[in-house]
Amino acid sequence: MERVAKFFELEKHGTNVKTEVLAGCVTFLSMAYILAINPSILSGSGMNAASVFTATAVSAAFATLIMAFYANYPVALAAGMGLNAYFVYSVCVPMAQAGVNDPWQIALTAVLCEGLIFIVLTLCKFREALINDVPANLKYGISAGIGLFIAIVGLKSAGIVVSDTSTIVALGNFGTPQVALALAGIIICAVMYHYNVPGYILWSILITWGLGMVAQAAGWYVVDAAAGTSSLFPDFSNGISIAAPHFMAFNFDYVGGHIIEFAVIVFAFLFVDLFDTAGTLIAVAGKADLLDEDGNLPKAKQALMADALGTVAGACLGTSTVTSYVESSAGVAAGGRTGLTAFTTAILFIVALVLSPIFLAIPSFATTPALVFVGLLMVSNVRNMDFEEDIAGAMGGYLALIMMPFTYSIANGIMFGMLAFVIIRIFQGQANKVHWVMWVAAAIFVLRIFSLVA
C-alpha cells in the first residue's frame, strides 16, 4: 500500500487508498450505463451488440489506465454519449439508405482518423493551450454549465423531466416507480451529505437500486420490454461469455473516392470531442482542486493524450469516440483526487466483462441522485465568476452555462461562450488581449456555424 500511495502521491493530494478506491467505484457506477447504452445505439448501424459491449469496456479500461498512470488524474474515459448517436444516425443510417454496405466500417475509419489528428494536436500542445488559456470566467461558467447539463441528463433518464412540444420540457409521470425512487435517492444523497456519511454518493446509488429491486419484487415496478423497463435483478441464466470485438474493421477504399464527404464526418467528430473533452477536464479538475494558482491544468498534455490514444484504441476495437467523462466529477465529489481513482474505475470496466449481468442491471434512475447532486456541487462555481469588472468573460461564461442544458450539448455551450467573449472583446477595443488559442477556437466555431447553415 505504501508503494501505491507514493506512486499516486496520495499524501500530497490529501487523500488515502480507501477514499480513492471508493471514489473510483462511484465514478464507475455513475458511468456504467454506457456499457448498456453504447451497444444498443451502435447496433443500429449493423454492428454486433455483444462485440460493441466488449469494445466499450476494453477501450474504456485502456484509456482510463493511461489517464491513471500517465496523468495521475481522477478522470475516467469511455465511448462518448452524443458521439455514438452521431456515429449511427448522422453517418451510418444515411449511408445505408444510399446503398453503402457496412457503413459502420467507414464511421470507424473516421473515428480512427480523428484520434490520430488528436494525437498530433496534443503533441503540438494546441489542446493543452485551449484548456489552460481559456479565461477564468469562461472556465467557471463551463463548469457550472456542465453541472446543469449532467443534472438534466439525470432527471431525464429517470423520467422526472420529459420532452414537450409546447413547453420544450415538462414534468414526467410522478406515479411511476422510476420517478419516485430517483427523487427519494436525491433526498437520501442530500441527507447523507449533511451527516458527512463517507461515500454518500455511492450509497445513494446502491440504496436507490436496492429500493428498485424491492419495488419489482412487490409488483410496483413492472418489467416490460416493450415499455423499456427491464429487470433490476442481475440475470446469469445465459452464463458468462466475452464476445470478440470488431477488431480493425476499417474501410479505407471508401475514403479514397469520397474525400470531401469523409472530411466533413471527421470534422464533426473532432469538433464535438475537442470541446467536450476540454470542458469536462476543466470542470472535473476545478472541482478536484487540481488547477494551479493561475487557473491552469498541470499535466493537461498527458490527460489529453489519454483521450487521443483511447479514441484510436476504441476505433481499432470497434466503438465510437472515447472521451473524458463528466461523471468523473461524481468520484471527485466522493473524495477522488489522483490516478488511483481512475485505476479503480478501469479495473471495474475489466471486471464488467465477466460480470456484465450485474452492472447492466443498475438502472439509470439509480444513478440520477448522483448526477443531480454532483450538478449542485458544480453549479457552485458560479460564485467564483466576476460579474462586475469583466463583462466579456461574464457574458461568455453565462452563455456557456445556459446553452449547455438548453441545447443539450456541452460543445454548443462552449461555442456560444467563446464566440461571445471574442466578439465582445473586439467591440471593447481589446482584441489584443485575446489569446491566440481563443482566436483559433473562434475560427473553428465560425466554420462550424457555416456548416450548420449550409
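**Helix packing and a pocket**

Mentor: α18 and α19 make a right-handed crossing. Keep in mind that this is a predicted model.

Trainee: At what angle do the axes of α18 and α19 cross?

Mentor: At roughly 160 degrees, and the axes come within 7 Å. Angles over 145 degrees count as roughly antiparallel, so α18 and α19 are roughly antiparallel to each other.

Trainee: Which residues meet there, α18 against α19?

Mentor: From α18, the list includes G393, G396, L399, A400 and M403. From α19, it includes G413, F416, G417, A420 and I424.

Trainee: How do the residues of that contact divide into nonpolar, polar and charged?

Mentor: The contact of α18 with α19 has 13 nonpolar, 6 polar and 1 charged.

Trainee: Left-handed or right-handed, α6 past α13?

Mentor: Left-handed.

Trainee: And which residues of α6 and α13 meet?

Mentor: On α6, among them are L108, V111, L112, E114 and F118. On α13, K301, L304, D307, A308 and V312 are among them. The contact of α6 with α13 divides into 14 nonpolar, 3 polar and 3 charged residues.

Trainee: What about α5 and α12, at what angle do they pack?

Mentor: About 165 degrees, with axes 11 Å apart. α5 and α12 are therefore roughly antiparallel. Their crossing is right-handed.

Trainee: Which residues in α5 meet α12?

Mentor: L83, Y86, F87, V91 and M95. In α12 they meet E261, V264, I265, A268, F269, V272 and D273. That contact has 10 nonpolar residues, no polar and 2 charged.

Trainee: New topic. How much space lies in the second largest pocket?

Mentor: About 840 Å³. The pocket is lined by 33 residues.

Trainee: Which of those are closest to its centre?

Mentor: M81, G82, L83, F149 and Y408. L83 is also one of the α5 residues that meet α12.

Trainee: Which elements give two or more residues to that lining?

Mentor: α5, α8, α12, β4, α17 and α19.

Trainee: And how does the pocket lining divide, nonpolar, polar, charged?

Mentor: 18 nonpolar, 11 polar and 4 charged.

Note on methods:
Residues are numbered from 1 along each chain as its sequence is written. This is a predicted model: local features need pLDDT of at least 70, side-chain atom pairs count only at pLDDT 80 or more; totals for chains, interfaces and linings use all residues. Side-chain values use heavy atoms; hydrogens and water are left out. On a 1 Å grid over the protein atoms alone, a cavity is a set of points where a 1.4 Å probe fits but cannot get out, and a pocket is an open set with protein on both sides within 12 Å along at least five of seven lines; lining residues have an atom within 4 Å of a point. Grid points are joined across faces, edges and corners, and a volume is the space filled by probe spheres set on the points. Helices (H or I, at least four residues) and strands (E, at least two) are DSSP runs, numbered from the N terminus. Ala, Val, Leu, Ile, Met, Phe, Trp, Tyr, Cys and Pro count as nonpolar, Asp, Glu, Lys and Arg as charged, and the others, Gly among them, as polar. Axes are lines fitted to C-alpha atoms, for helices over the stretch in contact, and angles run from 0 to 180 degrees between N-to-C directions. Angles under 35 degrees count as roughly parallel, over 145 as roughly antiparallel, 65 to 115 as roughly perpendicular and the rest as oblique. A crossing is left-handed if the near helix is turned anticlockwise from the far one by less than a right angle, and right-handed if clockwise. Contact means heavy atoms within 4.5 Å.
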